[in-house]
Amino acid sequence: MPPLPPAPATGRGSAFLVGPFDADESSALAELHLEELAALADTAGFEDAGRAILPVRRIVSATFIGPGQAADIAAAAAACHASLLVLDADLTPVQVRNLEKIVNLPVVDRAGLIIDIFAKHARSREARTQVEMAQLQYLLPRLAGRWAHLSRQAGGGPGGTKGEGEKQIELDRRMITRRIDHLRREMIRVDRSRDTRRRSRETTPSAALVGYTNVGKSSLFNALTRAGVHVQDQLFATLDPTVRRVELGKRGIYLLKDTVGFIRKLPHHLVASFRSTFEEAGEAALLVLVADPSHPIGLEQRDTALRVIDETGLGDLPRILVYNKADRLSSAQQRFLIDREPDAVIVSAHTGFGLDRLSQLLADRLIGRELSGTIYIPIDRGDLLAEAHRLATVDAVEPEGNLLRLRLRASRQVFNALQTRMTQA
């Protein structure tokens with residue numbers, strides 16, 4: 001297969017970061033959004049050469065920002081010796097090409113940056129296939145600008161025939177379309193394999209950790225399951241859904257799932273490509289929405305995650321709100337959260353604070369609340385005593401005449417079954 005045209009410049013050099021914001025948005029919030037863009041750029045491997053926030057009262061169809069603003073940005077980026085421009089917006093191919101002419105630098109938009117990060121972090125065959133599909137879908141409408149120099153050099157062919165640039169674009173378009181079709185077929189095979197694994201787990205209740213990227217879902221997952229999943233203080237460190245069993249002794253077993261994080265302005269074709277994450281979450285009996293209240297815009301991030309949950313059809317699933325990173329909060333801040341949302345659970349995956357309460361809540365919601373009670377069995381029925389020890393936690397065995405009094409703890413289902421069994425003895 002002939003090589004693809006070169007991808008947008010990503011993961012190399014220094015970037016000048018531009019955060020456009022509309023008139024209804026405060027400049028302070030725009031600065032925080034620009035901080036997030038800087039974190040994305042850092043994860044993609046760029047050095048931060050400089051930054052600017054721009055008020056945008058009207059989106060210009062040709063360049064997104066105004067031509068005067070673009071000229072100012074070009075001068076600022078040149079003064080910082082930046083090697084490319086990163087804009088916190090989703091740009092059309094035409095806007096990218098026109099901006100590149102003005103700033104004389106490669107231009108990367110938010111979607112391109114996120115796709116590049118996904119490509120860096122994809123590990124499994126499934127994730128790599130999904131990322132490549134997203135990359136090609138992003139590239140397809142942007143082919144025209146890649147071979148424009150050939151059209152300018154050769155011009156149109158005689159009699160209105162196509163120039164070299166147009167021929168190359170058509171070849172690339174056919175090649176990319178064929179590759180996307182191949183990847184779709186590959187994803188069908190992967191989906192079948194995943195469905196087989198999922199069906200084998202259908203009888204076991206499960207919960208899925210969801211939330212904004214970098215709120216500590218994987219750290220919390222490790223703390224609850226001791227799974228040793230890769231944890232890194234970067235955006236989108238987790239791309240593949242990971243499932244682990246949580247064994248609660250005689251109480252039973254449930255499954256916990258770690259999923260890819262959400263983010264503001266997540267490109268729609270990435271949402272479509274990474275549908276496996278949302279399918280894993282959709283198969284869960286319970287969503288655990290993890291948020292980071294220590295982050296300056298943690299509540300906005302929580303609301304973004306809630307919107308994505310609704311948009312992907314998961315809004316009707318039961319959920320628990322978990323505020324992570326309690327070690328970064330003062331006592332007063334914790335009390336404020338509890339007063340505001342008494343049903344939320346405050347934890348720290350780092351220190352272990354609140355994890356016992358969360359574990360208990362997950363078990364109660366997924367397996368059933370543990371009950372304490374007393375049952376009586378004939379003193380000569382060792383088989384019934386053994387069954388009680390096998391199915392429940394027996395706290396005390398006390399003789400009482402020709403009976404044994406058992407004080408035990410078990411789920412309602414197990415407790416009722418034992419009660420019936422002992423009554424029939």
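I started with a sheet: three strands form it, it is open, and the order is 11-13-12 with antiparallel pairing. I count two strands as paired if DSSP finds at least two bridges between them. Strands (E, at least two residues) and helices (H or I, at least four) are DSSP runs, numbered from the N terminus.

Next I looked at the edges. Strand 11 (370-378) and strand 12 (393-400) each have a single partner strand, so one side of each is left without a neighbour in the sheet. From one strand to the next, the twist averages 20°. My axes are lines fitted to C-alpha atoms, for helices over the stretch in contact, and angles run from 0 to 180 degrees between N-to-C directions.

A note on the source: this is a predicted model, where local features need pLDDT of at least 70, side-chain atom pairs count only at pLDDT 80 or more, and totals for chains, interfaces and linings use all residues. Residues are numbered from 1 along each chain as its sequence is written, and side-chain values use heavy atoms, with hydrogens and water left out.

I then checked the pairing. Nine bridges join strand 11 to strand 13 (residues 403-411). Ile375 stands opposite Leu406 in strand 13.

Helices came next. Helix 14 (residues 382-391) packs on the sheet and touches strand 11, strand 12 and strand 13; contact means heavy atoms within 4.5 Å. Its direction makes about 155° with that of strand 12. Helix 15 (residues 412-424) touches strand 11 and strand 13, and makes about 15° with the direction of strand 11.

Last, I looked up the whole protein. It has 15 helices and 13 strands.
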